[in-house]
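I would like every term set against its cut-off before a conclusion is drawn.

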Amino acid sequence: MDKIEQKPTTLMIADDHKLFAEGLSAILSEQPDFKIIGMASNGKEILHLLNHQIPDILILDLNMPVLDGEIAAEKVRQLFPSVKIMVLSMYYTVKLAAKLESIGVKAFVQKDTDAETLFRIISDLQLGEKYFQKIKSDVQPSVFNDGDHFQKSHNLTAREMEILKLISEDYSSQQIAQKLFIALNTVDTHRKNMAQKLNVKGKAGLLKFALENKLR
């Protein structure tokens, strides 16, 4: 009796970094068990693609223009509940992992994960498993856990603390404005004030400061 050929796992990728997305697609396409059936550069585009074709697994970046990954994940879960979502991001925090898991995301993986591990996670997802990376026990707790002392010692307002936390989670100014329901120029003003208070230069300096004082 002939062996029944197993169908490959179908994948879609949503990432606004074209070079990364194309590289990821090329690596995954080399595997006989995987088949790329769509690529998008933001959350809105991926929702449009899903209206025409449904993959087994959606690989989603968080920081994207037009519609960010977190909001896109919520909409995908509501509109296309059969799609398993894997978030692939530069930054990983316990708080963000918990939020994504509560939405219904099946895996949260850092972008520096090696290819073989990524292949295994995708295969496990297709079998019904979940994957959320563990934060090492020797990691120092976030300074944000001691919010009052940190806030006072750096002369930051409550709103500035909110924005700094979102910066540490790789939110853009536009995404912060949408999430906090404030104007974009208000976010930029807060950024400038924080940069002056913290003695750092521009957006890159704020991101570096935020990451260094987050989970390390």
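The questions and answers below take up the labels one at a time.

This is a predicted model, in which local features need pLDDT of at least 70 and side-chain atom pairs count only at pLDDT 80 or more, while totals for chains, interfaces and linings use all residues. Residues are numbered from 1 along each chain as its sequence is written, and side-chain values use heavy atoms, with hydrogens and water left out.

Q: How many helices and strands does the chain have, and what makes a stretch count as one?
A: Helices are DSSP runs of H or I with at least four residues, strands are runs of E with at least two, and both are numbered from the N terminus. By that rule the secondary structure of the chain comes to 10 helices and 6 strands.

Q: What is the order of the strands in the sheet, and what makes two strands a pair?
A: Two strands pair if DSSP finds at least two bridges between them. The open sheet of 6 strands has the order β2-β1-β3-β4-β5-β6, with parallel pairing. Between β1 and β3 there are 4 bridges, and L11 stands opposite I57 in β3. Strand β3 (residues 57-60) is joined to β4 by 4 bridges, with V87 of β4 as the bridge partner of L60. Strands β4 and β5 (residues 107-110) are likewise parallel over 4 bridges, and M86 has A107 in β5 as its bridge partner. The pairing of β5 with β6 rests on 2 bridges, and here A107 stands opposite Y131.

Q: Why are β2 and β6 said to stand at the edges?
A: Strands β2 (34-40) and β6 (131-132) each have a single partner strand, so one side of each is left without a neighbour in the sheet.

Q: Why is β4 described as largely enclosed?
A: A residue is buried under 20% relative accessible area, exposed over 50% and partly exposed in between, using a 1.4 Å probe and protein chains only. In strand β4 (residues 84-89), 5 of the 6 residues are buried, so the strand is largely enclosed by the rest of the structure.

Q: How do you know that both faces of β3 are covered?
A: In a regular strand the side chains alternate between the two faces of the sheet. In β3, I57 and I59 on one side and L58 and L60 on the other are all buried.

Q: Which of the two labels, buried or partly exposed, applies to H190, and which to D124?
A: H190, found in helix α9 (residues 184-198), has 17% relative accessibility and therefore counts as buried. D124, which lies in helix α5, has 27% relative accessibility and therefore counts as partly exposed.

Q: What makes the unit of β3, helix α3 and β4 right-handed?
A: A crossover is right-handed if, with the strands pointing away from the viewer, the path from the first strand over the helix to the second runs clockwise. The unit made by β3, helix α3 (residues 69-79) and β4 is right-handed. The chain then crosses from β4 through helix α4 (residues 94-103) to β5, in a β-α-β crossover that is also right-handed.

Q: Why are α1 and α5 called roughly perpendicular?
A: Axes are lines fitted to C-alpha atoms, for helices over the stretch in contact, and angles run from 0 to 180 degrees between N-to-C directions. Angles under 35 degrees count as roughly parallel, over 145 as roughly antiparallel, 65 to 115 as roughly perpendicular and the rest as oblique. The axes of helix α1 (residues 18-29) and helix α5 (residues 115-126) come within 11 Å and cross at roughly 70 degrees, and the two helices are therefore roughly perpendicular to each other.

Q: Which residues make the contact between α1 and α5?
A: Contact means heavy atoms within 4.5 Å. The contact is made by L24, I27 and L28 of α1 together with A115, L118, F119 and I122 of α5.
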